[in-house]
Amino acid sequence: MRFIDDHFMINNEPGRKLYNEIAKTLPIIDYHCHLDAKEIYENKPFVDITQLWLSGDHYKWRAMRANGISEDKITGTASSDEKFLAWAETVEACFGNPLYHWTHLELQHYFSIKENLSANNWREIMEACNKSLAQEDFKPRALISRSNVEVICTTDSPLDSLQYHQLLQQDVSFTTKVLPTFRPDEVFEEQQDIFSAFIGKLSELTKITIHNFADFSLALENRIDWFHEVGCRISDHGPIEIQYQPAAASEVDRIFIKKISGDFLTHEDNIILTSAIFIMLAGHYKKRHWAMQLHFGAIRNNNTKMKTVLGINTGFDSINDQCHLARGLNSLLDTMAQRDTLPKTIIYNLNASYNDIVATAIANFQSGQDGIKSPIQFGSGWWFNDTRRGMENHLNCLADQGILMNFIGMLTDSRSLISYTRHDYFRRILCNLVGEWVANKEVPNNAEILSKIIKNVCHDNAKNYFGF
């Protein structure tokens, strides 16, 4: 039974009008995702729907484990048919979980399948999907073009050659921009062996011998310049917590030298060094008019047994809590502002209970001096918050504490080439919320202003903010 139509998720007439006349057909700027530039460049067809849907998707893996599916049918050696059936059985149990909606949005948008996936019809749906995947329209680039995507920003290590980004940019037949994002996770790594290995590779790549913090900064700036040349305009960082501890340059240098020498660092040493690295990187980003993203609050790989078996990013992560977040976040932004090194910044918190803390901290550092409206952004509902409830909480908090009209909108944060229906999901939720305000006579039914809000949030603000 079909349940997704133009009214889906939109419970009022003004919202339906905004969605159908404005939001529905706007292009997508996906400024944060985990797609692979090599996969896009090589443009190889998918083996089957199981590979496309279940390979690497830890959202689905978590749900399947909760539904009692054996690991063999999730990440193991079970056949494609067995894995797809296991997913179909899980979908039936997912009422109330956004995975249920995402699954059917993808089936309908990409495969024109309007039936609801279940343990009764899984075989027919799987065969129909596999038949479609053999066609040219279902190769990676075609899926991106069919999704109406203007820009994709991948997530890339500072050591990446960016070879495939360059190759894609040279291919005039593919019009979607695929740009790198500078993601220097290794520079914040507390494990000495991982950090030392990164420093060695960074030194070799840049031909800069790294003896002290100044050398470290110079080497990172060298890589930032390379990323900039290939079109990068965004960095991204994933700290567990936002903390800030100032220290004199000599103290920072002393701690950095201890770290590259393999000496033990105290908890306070690590906070001082992390604070200094953030301040240093922010200055490099500001100089090049980049935006800095901070995705914080994920505590990762909590199941040690399963990490040993499967590795990282396999579905064993959760939401973190933090003491003194307001103090740390405000102090970090304030130091950057005092030094005139605060770049355009997007802050995403995974713990929704901190929404108002983050939104009010952001408001302290807004400025129109660079010609950008709301240069410090409250990032969209992320990971465990890209649900209806999470998005509504985020949008209401942003409207309460800032200016919704200036929000740069949704992202996929996904490794899947057909996750772009999440933008449609977000747009429906946005239009429903704004339409509800109109229906309740909380805001005027002013077509010009309402149209501007929807266009800005769904597309125009991101285009202007990043300047791709």
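## A three-stranded open sheet

Let's start with an open sheet of three strands, which has the order E1-E2-E3 and parallel pairing. Strands here are DSSP runs of at least two residues (E), while helices are DSSP runs of at least four (H or I), and both are numbered from the N terminus. Two strands pair if DSSP finds at least two bridges between them. At the edges of the sheet are strand E1 (28-30) and strand E3 (177-179), each pairing on one side only. From one strand to the next, the twist averages 10°.

Strand E2 (residues 149-153) pairs with E3 in the parallel sense over three bridges. Opposite Val151 you will find Lys177 in E3.

## About the model

You are looking at a predicted model, in which local features need pLDDT of at least 70 and side-chain atom pairs count only at pLDDT 80 or more, while totals for chains, interfaces and linings use all residues. Residues are numbered from 1 along each chain as its sequence is written, and side-chain values use heavy atoms, with hydrogens and water left out.

## A buried strand

Now for strand E5 (residues 291-296): six of its six residues are buried, so E5 is largely enclosed by the rest of the structure. Buried means under 20% relative accessible area, exposed means over 50%, and partly exposed is in between (1.4 Å probe, protein chains only). Ala291, Gln293 and His295 point one way from E5, Met292, Leu294 and Phe296 point the other way, and all are buried. In a regular strand, side chains alternate between the two faces of the sheet.

E5 also has partners. Strand E4 (residues 234-237) runs parallel to E5 and is joined to it by four bridges; Asp236 has Gln293 in E5 as its bridge partner. With strand E8 (residues 344-349), E5 pairs in the parallel sense over six bridges, and Ala291 stands opposite Lys344 in E8.

## A buried threonine

Thr50 lies in helix H3 (residues 49-54). Thr50 counts as buried because its relative accessibility is 6%. Leaving aside neighbours within four places in sequence, Thr50 is in contact (heavy atoms within 4.5 Å) with Ser55, Ser80, Lys83, Phe84 and Met126.

Terms used: Axes fitted to C-alpha atoms, helices over the stretch in contact; angles between N-to-C directions.
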